[in-house]
Amino acid sequence: LAKAPDIYQHITTPTDSLFREIKPRKTYKIPVSNVNNPNYIHKLHVTEYGNPKGYPVIFLHGGPGGSTWDKQARFFDPRFYRIILFDQRGAGQSTPFGEERENTTWHSVKDIEKIRKHLNITGKMLVFGGSWGSLLALAYAETHPENVGGLIVRGISLGRPEDTAWSTIPGGADRIYPEGMQEALKVIPKEIHHDVHAVLRFFHQAFNNPNLDQTTKIKILNAWYSAGFSSHLIRDEDAVVEISKKYTPPEEESTEPWDTLDENLKEASMVCHYYMNDCFLKPNQLLREAYKLKSIPFIRIVQGRYDMMTPYHRAYELHQAVPHSTLITVNDAGHSCWEPNTTKHLVESTEAFKTFLKQGR
């Protein structure tokens, strides 16, 4: 691997284990759908950082419907890695924003292959994903294990109905944070309170109903936020996501496009679109097909012990299904990748993969 310029230097402070901030080397707009209407074709926003001749790593953001920004590239040594971030279909700076047609887990799996081809990546790569991105990373790795040299996942999402129910209907996270769910239940029709798919359909229909006035939509959107249905829609000050807020650096705010009511509604609608369809997975598919990961020699699972969005047992189940994986438990963290010890372990994992490669293993 060619050495990158020495402007890329590693820094470590008590609250920052990340690599130095860098800007993209290249930005691409890659068309990925075959619809004839030029206003509808999905185009992915892809950014590339670091060493153009380095080992390729692809970062899979959370959501569904989240986005990428420069700070996420700082998990990786830019002297060693060719770092690739992309906004998934309908998300971030990919267009059209919020488009749910031709937008499934399996479209995204194919998109990763299209990005590989567009960027002339012919060998193996490191796949790195957190929260919803962990689900996509697993789906991709189980579909194309021949292209994956290493897998690092955090905040494990498995897309099963019972997982979605944890943060969607009573009897899950509300046992620890009941106040939010109680606010949400004032808006959700009583007869569907315990039906996870019905609740998600209720929100999805409301978010996309042109006949609802703005005040009503805001009320319904606030109910969505109150129950904590999606980690990326809850700001970092919310304890459901992050338990060590005092360590979070102030520059942590993302550049995700949540500036208007319409954008918030599309973002929330995207989450409903995926989870009311069980993320387009067969029952328990990711664990049942975890045996397909056996050829991937380096697999690390990083999980906050007190993660209230994607509870710890999911990471443990994944580890049990992939015996050669390494499970790293962060005992003072919740869901956020920006909690100091979670960040530290994620960076240590990308560094460990470097060592693994240099040893020729």
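This is a predicted model: local features need pLDDT of at least 70, side-chain atom pairs count only at pLDDT 80 or more; totals for chains, interfaces and linings use all residues.
Residues are numbered from 1 along each chain as its sequence is written, and side-chain values use heavy atoms, with hydrogens and water left out.

**Whole chain.** I find 10 helices and eight strands in the protein chain; helices (H or I, at least four residues) and strands (E, at least two) are DSSP runs, numbered from the N terminus. Of its 361 residues, 61% count as buried, i.e. under 20% relative accessible area with a 1.4 Å probe, protein chains only.

**H5 itself.** I checked the length: at 1.5 Å a residue, the 12 residues should span 16 Å, and the end C-alpha atoms are 17 Å apart, which agrees. The expected span is 1.5 Å times one less than the number of residues. H5 is mostly covered, with nine of its 12 residues buried. Among them are Val196, Ala198, Val199 and Leu200. These buried residues pack against H3 (161–166), H6 (214–227) and H7.

**H5 on H7.** I looked at how H5 meets H7 (residues 261–275): they pack at an angle of about 150°, axes 9 Å apart. Axes are lines fitted to C-alpha atoms over the stretch in contact, and angles run from 0 to 180 degrees between N-to-C directions. From H5, the contact uses His197, Leu200, Phe203, His204 and Phe207; from H7, Leu265, Ala268, Ser269, Cys272, His273 and Tyr275. Contact here means heavy atoms within 4.5 Å.

**Phe207.** I ended on Phe207, which is found in H5 (residues 196–207). Its relative accessible area is 5%, so Phe207 is buried. Leaving out residues up to four places away in sequence, I see Phe207 touching Lys217, Ile220, Leu221, Trp224, Leu265, Ala268, Ser269 and Cys272. Phe207 and Leu221 are 14 residues apart in sequence, and their C-alpha atoms are 7.7 Å apart in space.

Notes. Buried means under 20% relative accessible area, exposed over 50%, partly exposed in between (1.4 Å probe, protein chains only).
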